[in-house]
Amino acid sequence: MTTGTELESHFIATDLGPEAPEDRKVASKSPTQLALARFRKDKLSMVSFVIVVFYFLAALAAPFLVQAGVLNPFTTHDELLDANTLPLGGFGGISWDHPLGVEPGVGRDVLSRVWYGITFSLAISLSATLLAVIIGVVAGIVSGASGGWIDAIIGRIIDLTLAFPQTLMLLALSSVALAFITEVLGVPAGDPARALYVIVVLGLFGWTGVARIVRGQVLSLREREFVHAAQLLGASKMRLYFREILPNLWAPILVTFTLIMPAFVSAEAALAYLGVSIHPPTPTLGNILRDSLSYAQNDFVYFFSPAFLIAVIVVSFNLLGDGVRDALDPKGHQ
Amino acid sequence: MGIKLRRSVAASAAAVLGLSLMAACGGDGTTDEGPESETSTAGGTLKVLQHFPYEASDPQRIYYGVQLAWYRRLIYRGLLAFPMSEDPEEATTPVPDLATDTGTSSEEGRVWSFTLKDGVKWEDGTDITCEDVQYGTSRVFANDLITGGPNYTLSYIDVEDYPGPYKATPAQQQAFEEAVSCDGKTITFRFNKPWADFPQAIAGMMMTDPYKESFDEGAKSQWKVLSNGPYKVEGGVWEKNKGATLVRNPEYDPATDDPETLRLALPDQIDYQIDPSETSGELFNDRLITDAPDVQNAITTARVVPSQFAQLEGPVLDRYLNVESPYTQYLTPNFNRLKDVKVRQALAVALDLDGYVKALGGDKAAAPAESIVNPSVSGYQPNPAFDGDNSGDPEAAKALLEEAGVEMPYPIKLAYPASPTADKAMAVIKEGWDAAGFDVTLEGQGDTYYDVISRPDDDFDVSWAGWGADWPSMMTVLPPLFDSRPNFSPTTCGQDYGCYESDEFESLVDQAANSATVEEQTSFLQEADVVLGEEVAYIPLDTSKFNWLWGSKITGFTTTAASSSYPEIGLIGVTE
Amino acid sequence: MWAYIVRRCAVGLALLLALTLVTFALFFASPVDPARFACGKNCSEQQRDQARKALGYDKPVYEQWGNFVKGVVVGRDFPADPELRAAAPEVVTHCEAPCLGYSHLNARTVNELVKDAAPVSISLAVVALVMWLIGGVLFGILAAVTKGSFMDRGIVGLTLVAYAFPTFFIAVFFLKYLAVKWQVMPYPAYTSIEEGGIAAWMLNLLMPSFTLALVFMAGYVRMTRAFVLESMTEDYIRTARAKGLQGRKVLFKHGLRAALTPLVTMVGLDFAALLAGAIITESVFAYPGLGLLTVQASAAYDLPTIIGVVILAGSFVILANIIVDISYAFIDPRVRLG
């Protein structure tokens, strides 16, 4: 529903079913170059790629720009506000100094806040995605490689995880889990604990799709010659799977990654709306948007900017994911 | 507990900061309305748009200011009530309601008696008896089942180890019935200490309201309503997330009442619509601004938020009122951590209160406060420690910190209930304090906020809090918030969030409690407030202002001290 | 076949049991004392102890879990403490099986709370489902048959953009502009069918359901499109085409049927997940469904309600899975052997 995390499974299911025959590329001579070439020809994907790279560069640069004083997400300017505490001058108070205007109420620079907000939003969603992918890959490999009761147990754990209502758990667990994180794990209360909570919970509920795909891949790779060869040479089973099979899984993992990531960007925003994610004054796209909702009618620029930035990154990541998948698997999807 | 603004106290805090209020009292000329100027006619349907659910509709469990005020006008009459007067003095002076007079006291305020009027009835047609009042009073003691309401009577009524009527042994019940005794229609309350302003306490709150024993189902009565006022709840049950439809109560006899003073009861029907969500209050007011057809006969519990102030112009101003509220916000330094008075003074001196008020939405939303005592409380005076400049003086603060010889930047953790508006307002405080040599970390908290900050081992240096007096006496402000004796327990500092403990302050409180007259009591408490100021036991922030809108078919809209600056529902009528 | 159904149900039951166990473990692992919030604010130590007893929080977690499971099977009485029940029989509340718990804060059983809220969530879910299914399938087919055209790109792109904007942003936008500013839509307030008839029920559900449907639409459009395209390349379609069947006929008679089967699985699972309440949509539109119930319960730390709703939601999903699996078994006998 609302976090969009449900959607992620659709995209994956549609675009890359467990039976997707990745092995064809594995066998070809220079699959990477071929895929790259195909990718470069796909204009839409290239544009998405550039946008995604741009977001990441912006996210990386922001802390330095804040340090250097170029971005100023915390300084208030009540001289730029009218008696109703709306920005003076219309259009959200846009000016040379404040290209996206200033925040109603306290007059902080909106561009600085959303820019810096991208850093925190991407940091959270990227970490959560990495966590989900790591858990998913390990569970998938172990499950596919071991078979038998281990496979069955992991399968049940996946069923169990999927049975939990995700958004509901994210919200309901927050007070309990935050207390646990701060009091038992000793993480400082406030933003670090909240960020950790969001990352861990998104990761813990988001790995199942990855695990299923990886397991499928492992099952199909299991019968291939190089695996047999390694086995004959006496490689231990698990070592074999992680050493020999993992490198062959990078393609589906990459695709999955690009599809989970945008879902988690949306999820962070939804959690911020519910008051669960990092709190201001530290900006995230979600918590800026939460505040800006009140200004839908009176300060449209402020209302629209954070939502637009979220939408752009989500769309770009999804298109990028499509492009990567098409490039890697030109047969499947036109 | 101070009278609640909204939801749990914790949430009410968020509400004060998150939603905003108005600047009334003719301050900005937006309010030319008065009930007198309009013709009020009976009939029609009034719609009440409410943005939060109540916690109960059982009289002994109610603590929201607006709910106490409105239920008193609509369904639950009390022994006494506050009049619907726009004069604050009059509106805070109790008058008889179910009782024949405002009560007689003896033994220096240790004994109070009231006599019930003839002909007052429940909605089922039975008479309201003295035993009903006695029973209602006893229910408060069952604080495992009848939770949430004010419990002042527990410490006053002269009975020990009484567990409430459900679990009392016959001997315990006997003891209670001696302390609160019935003689025909006369009920007598016997206290273990003087209670000079008992009439004020029971006019606004419902801890001694009658309750019919045969109607009682303990905790299961939480949402049942047996009315004795001009309206009754259709179906007899208040639905938490939906509200109720109130229709005329045929058993109510206006002759036993004083409708002009206490309740005009003009509409024939009152439809409550409860939309409990974070956005609903703002959206109610969006619709009221446009005067949409379906809200023209509506009033709301939700205040206009700052983002909507710009839309309050032209004809909307005819349906708009900005009033100062009885709720005051403040900061409490944590005395377990900030032991040096100079550091606390530096915080007070560096506070950019003007910027803070602006972040709350400007002068329509709040007024800078100069004491924790709200101006509507009798005996209010600005605290000399805080009546200076409101823009903050970082240099003077820095000097104080240097005098204190502490290392700068001095780290400060500031806790508050998070909401978008509060987040901004606290950012302004942080900016001012940072400039003065502090290094502030903001710690926005969730809905269990007050529970968190009342822990003595919390590591917050400063906490935000809000308070509304239960009745307009400083006795319901200073002692509940700063007297360590009723507040401290092994696990909590109670409502004394800063864990403040002072013999000087407490002895003044004792003298006030034992004062024979209200005047004497007030002067001791004024002195006590000065002590708090000198030690910087609190730093006053703002007095909330309430911004109200109503539909174009509403008549008689005003607010009174008796309605906690919420709409005075007893005066409101509907045209057509 | 019966053996398979029994086996599948047994697994589902075991999963349900595990779900309750994990839920209890999660919520009671925290150092927060749940009784602290059970009796509201200025709660004395003694009140807290009483609340703890009334709710059974004084017992170890496994025992509370046992009581919960027992309650689900045979029902139970509240307060949990037998002493309290004996002392004041008039305050005892019986909670019929399957008992999901008792909310001290609401003084009602969780079953009653759910009974009030569920129709709202179900209505929302049903109308949204119809919207996204019709929209998703139609647009998906349209995109597939116009593959590569401006239309195809437009449909896929627009639904993706609608998905990419946060739900609460879209919801607030609809409310503030469509309902309040332009007043082209009535301001939605949940009206049950008994109260206002089908028309009012439907009209009030349009905006919130559409908001919700937008979240799913993009996925269904893409899925339908992909399945249709994929099945168009299948051999039997080619055969049909080669036999001289018209393009459209081939599409609807052969391609679509094959394409829509996997869609049904998705629908079942998505719908089941939605039954537990659309938290954000319900919050923004103030629809008193299970989602809003959860929001309120977690704000007030009303553990019994939270746990009850989580477990209810989980059982919807588990049940939907069973139904999907069994219907597959009917369609494709090979499944049973696996």
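Reply: A salt bridge here is a side-chain nitrogen of Lys or Arg within 4 Å of a carboxyl oxygen of Asp or Glu. The model is predicted: local features need pLDDT of at least 70, side-chain atom pairs count only at pLDDT 80 or more, and totals for chains, interfaces and linings use all residues. Residues are numbered from 1 along each chain as its sequence is written, chains are lettered from A and ligands numbered from 1 in the order written, and side-chain values use heavy atoms, without hydrogens and water.

Me: Which residue of chain B meets C:Glu195 in a salt bridge?

Reply: Across the interface of chain B and chain C the rule finds three salt bridges. One of them involves the side chain of C:Glu195, with N to O at 3.4 Å. The partner is B:Lys242.

Me: How many residue pairs are in polar contact across the interface of chain B and chain C?

Reply: A polar contact is a pair of N or O atoms within 3.5 Å; within protein, one must be able to donate a hydrogen and the other to accept it, and residues adjacent in sequence count only if both atoms are side-chain atoms. With both residues at pLDDT 80 or more, the count is eight residue pairs.

Me: What share of the area buried between chain B and chain C do carbon and sulfur atoms give?

Reply: Buried area is the accessible area (1.4 Å probe) that two parts lose on being put together, summed over both. For chain B and chain C it is about 3,400 Å². Carbon and sulfur atoms give 51%.

Me: How many residues of chain A are in contact with chain C?

Reply: Contact means heavy atoms within 4.5 Å. Chain C brings 61 residues to this interface. Chain A brings 52.

Me: Which residues of chain C lose the most area to chain A?

Reply: Chain C and chain A bury about 5,000 Å² between them, 77% of it on carbon and sulfur atoms. Three residues of chain C lead, together giving 13% of what that side buries. They are C:Tyr163, C:Phe168 and C:Arg222.

Me: What does C:Arg222 form a salt bridge with?

Reply: The rule finds one salt bridge across the interface of chain C and chain A. In the bridge of C:Arg222, the closest N and O atoms are 2.8 Å apart. The partner is A:Asp322.
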